[in-house]
Amino acid sequence: TLHKRSNRSLEPSQWFLLAALFWFPWIFSTAHLLLTVCPVRGVTQSVINWWFSANLNLVWLGLVGLGAQFYFLPKLTNRPLHSQYLALFTFWTLILFASWSGIPQSAPVPAWMPVLSTVATVLTLSTVLSFMVNVYKTVGCGCSQQTENLRPGKFIAFGAMAFVAAGLMNIANAIPKISAITHFTWFTVAQSQLNIFGFFAMTMFGAIYYIVPRVAGVDWPCSNSVRRHYWFAAIGTILFALPLAIGGVLQGVKLNSGTDFLKVTHDTLMFLRVSTMGEVLILIGNLLLLLNLLGLWVRYSKTRVVPFYKDVTTELKPAEVKS
C-alpha cells in the first residue's frame, strides 16, 4: 500500500509509524538473539538489557505515540501542523539520541558507556522542546473544535503533556548530581509509568475513541463513559506518578543523609498508598473502556452482523429447497 500510494509525499505521522513498524522487530530480535538464543557473557547481558529497555520504552513507544499525536492534534483542532521540518527534527533526534540512553551512572561497565548514555539522554531535550513548540504553535488558542472530537482530544492533549513531563524527568534522572539522589528510588518508577501510561496509553485511548466508531460505523453506546474514563485515567495517572516522584526524591535525600533504611521505607508508605489509589482509578477507567467496547460490539452485531446473516440465509434457502 505504501509503495503504490498515489501521493508520494508522506505526512509526519507516517514517518513515525513506518519507523516503528521496523524498529520493534529489530530491537526484539537482537535482544532475543543475544540474551536467549546465543547469550553473551557477563555484564554485556545487562548492557543489552538496558539498550533494549530504552529503545522499547523511549524510542518505540515514542514513535507510535508521537505518530498518533502529529496525526490527531491537527485533525481534532482543524488546524494544519505548524512545521513539518520541526516534526522531522523531533523524529531524527528521538531516533538518534534516545536509542543510546538507558545505562545508569552506577553501572559496572567501562566509564564511556554511562557517559555516552548520559549525554544522549540530555540531548533528548531537543526532542522534547521541538515537540512542545510544534504542538503549542499548532494548537494555539481559539482553535475551532467539533463537539464530537473534544473527548478524544482530551486524551491526546493529556498524552502530549505527559510526554513532555516524562521526558524532562528522564533527563533530570540522567544528570549525575540528580541521579545520585533519585536513582534506586520510586522516582524512576514514576518517570517510567508516566511515559507508558500517561503518554502512550492515554494517546492510544484517544485514538481508540476516535477510530473505532468510524471503523465499525456505530456510535459508542455510552458517550458519557468516555468522559468518565478520561477523568478516572487522568486523575489516576497524576495520583500514581506524582506521589511516587515526590516520595522518590525524599527517599533519595534521606538515604544519602545516612537515615536508617527501614525508617526511610516506612516514611514512603504514605506515598505508596496514594499511588495505589491512582492505580485503582486507572483500573476503573480501563473497565469503563472495556464495557464500552463490549457494548459497541453488541450494537454492531445487531445493526450489521445479524442483518447480514439474515440476508445470506434468505438467499440460500431457495437454492436448498430446489436441490
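## Thr-121 in helix 4

In this predicted model, Thr-121 belongs to helix 4, which covers residues 112-123. Thr-121 has a relative accessible area of 4% and is therefore classed as buried, the cut-off being under 20%.

Leaving aside residues up to four places away in sequence, Thr-121 is in contact with Ser-101, Gly-102, Asn-170, Ile-171 and Ala-174.

## Positive patch on the surface

Four residues, Arg-151, Lys-154, Arg-227 and Arg-228, form a patch of positive charge on the surface. At least two residues of this patch come from helix 6 (150-174), and at least two from helix 9 (223-256).

Lys-154 is part of helix 6. Its relative accessibility is 35%, so Lys-154 counts as partly exposed; that class lies between the limit for buried, under 20%, and the limit for exposed, over 50%.

## Overall architecture

The protein chain contains 11 helices and zero strands. Read from the N terminus, its elements follow the order α-α-α-α-α-α-α-α-α-α-α. The C-alpha trace spans about 85 × 50 × 45 Å along its principal axes.

Among contacts in the protein chain with a separation of 6 or more, 83% join residues 24 or more positions apart.

## Burial, surface and charge

The protein chain has 323 residues, of which 41% count as buried. Its accessible surface amounts to about 17900 Å², and carbon and sulfur atoms account for 70% of that area.

Note on methods:
Residues are numbered from 1 along each chain as its sequence is written. This is a predicted model: local features need pLDDT of at least 70, side-chain atom pairs count only at pLDDT 80 or more; totals for chains, interfaces and linings use all residues. Side-chain values use heavy atoms; hydrogens and water are left out. Patches are made of residues with over 30% relative accessible area and no salt bridge: like charges are joined within 9 Å, nonpolar side chains (Val, Leu, Ile, Met, Phe, Trp, Tyr) within 5 Å. Accessible areas come from the Shrake-Rupley method with a 1.4 Å probe; for residues, only the protein chains shown count as cover. A salt bridge is a side-chain nitrogen of Lys or Arg within 4 Å of a carboxyl oxygen of Asp or Glu. Lys and Arg count as positive and Asp and Glu as negative; His and the chain ends are not counted. The place of a charge is taken as NZ of Lys, CZ of Arg, CG of Asp or CD of Glu. Helices (H or I, at least four residues) and strands (E, at least two) are DSSP runs, numbered from the N terminus. Buried means under 20% relative accessible area, exposed over 50%, partly exposed in between (1.4 Å probe, protein chains only). Contact means heavy atoms within 4.5 Å.
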